[in-house]
Amino acid sequence: MNSAGTDAPYAGTDFYCDVAIPHPDRLDVVHEDEHVLAFHHTRPFWAVHIVAVPKRHIGSLTTVCAEDEADVRELLRVVQAVARDVEREHGAAAVLTNLGAYQDSKHLHVHIHSGGRRDQS
């Protein structure tokens, strides 16, 4: 069963708006408030892999505009807190966002990760 709760692979372009935000009960949530959802990645690339997303749709870091300021501030507040916790617990953390062709889901999201890459086979 995939992270969307079906046997078929997710084929949309915005996993966060379509699946994660409306169904946080299907996720291992680290943080949720009115503006931001952070959860353990459903297909982790690293030993520790958490994703933080604004609940309001924002396409990517390069599309952020003035009307997104409050949401981006809240997102960065959560990213900072989660990264601090990961660093404290695991000794190191990295923060990453993808753009353009690297961005599978066309919704601003930030990866907080630590440890080695996991086998993706």
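Q: Which residue just after H2 takes a positive phi?
A: Welcome to this predicted model. Helix H2 covers residues 69-90, and the spot to look at comes just after that helix. The phi there is positive, at about 85°, and the residue that takes it is glycine 91.

Q: How many Å does H2 reach from its first C-alpha to its last?
A: H2 has 22 residues. At 1.5 Å a residue, a span of 32 Å is expected.

Q: What arc around the axis do the buried residues of H2 cover?
A: Start with the buried residues of H2, which are Asp71, Val72, Leu75, Val78, Val79, Val82, Ala83 and Val86. They sit on the same side of H2, because the arc they cover around the axis is only 135°.

Q: Which exposed residues does H2 carry on the face turned away from its buried side?
A: The buried residues of H2 pack against strands E1, E2, E3, E4 and E5. The opposite face is the one turned away from that buried side. Its exposed residues are Ala70, Arg73, Leu76 and Arg88.

Q: How many bridges join E2 to E3?
A: E2 and E3 form a hairpin, with five residues between them. Within this pair, alanine 38 stands opposite alanine 52 in E3. The two strands run antiparallel, and the number of bridges joining them is five.

Q: Which residue in E5 is the bridge partner of valine 48?
A: E3 and E5 pair in the antiparallel sense over six bridges. Among the bridge partners, tryptophan 46 has arginine 117 in E5. For valine 48, the partner in E5 is serine 114.

Q: How many of the nine residues of E3 are buried?
A: A residue counts as buried when its relative accessible area is under 20%. E3 is largely enclosed by the rest of the structure, because the number of its nine residues that are buried is eight.

Q: Which element supplies the largest share of the largest nonpolar core?
A: This core has 16 residues, and Ile50, Leu75, Val82 and Ile112 touch the most other members. Strands E2, E3 and E5 and helix H2 each supply at least two of its residues. The largest share is seven residues, and the element it comes from is H2.

Q: What is the relative accessible area of serine 105?
A: Serine 105 lies in the loop between E4 and E5. Leaving aside residues up to four places away in sequence, serine 105 touches Thr13, Asp14, Phe15 and Tyr16. Serine 105 is buried, and its relative accessible area is 8%.

Notes:
Residues numbered from 1 in each chain as written. Predicted model: local features only at pLDDT ≥ 70, side-chain atom pairs only at ≥ 80, totals over all residues. Heavy atoms only, no water. Core = buried A, V, L, I, M, F, W, Y, C linked by side-chain atoms within 4.5 Å. Buried < 20%, exposed > 50% of the residue type's maximum accessible area, 1.4 Å probe, protein only. Helix = DSSP H or I, 4+ residues; strand = E, 2+ residues; numbered from the N terminus. Pairing = 2+ DSSP bridges. Contact = heavy atoms within 4.5 Å. Expected span 1.5 Å × (residues − 1). Arc of directions from axis to C-beta.
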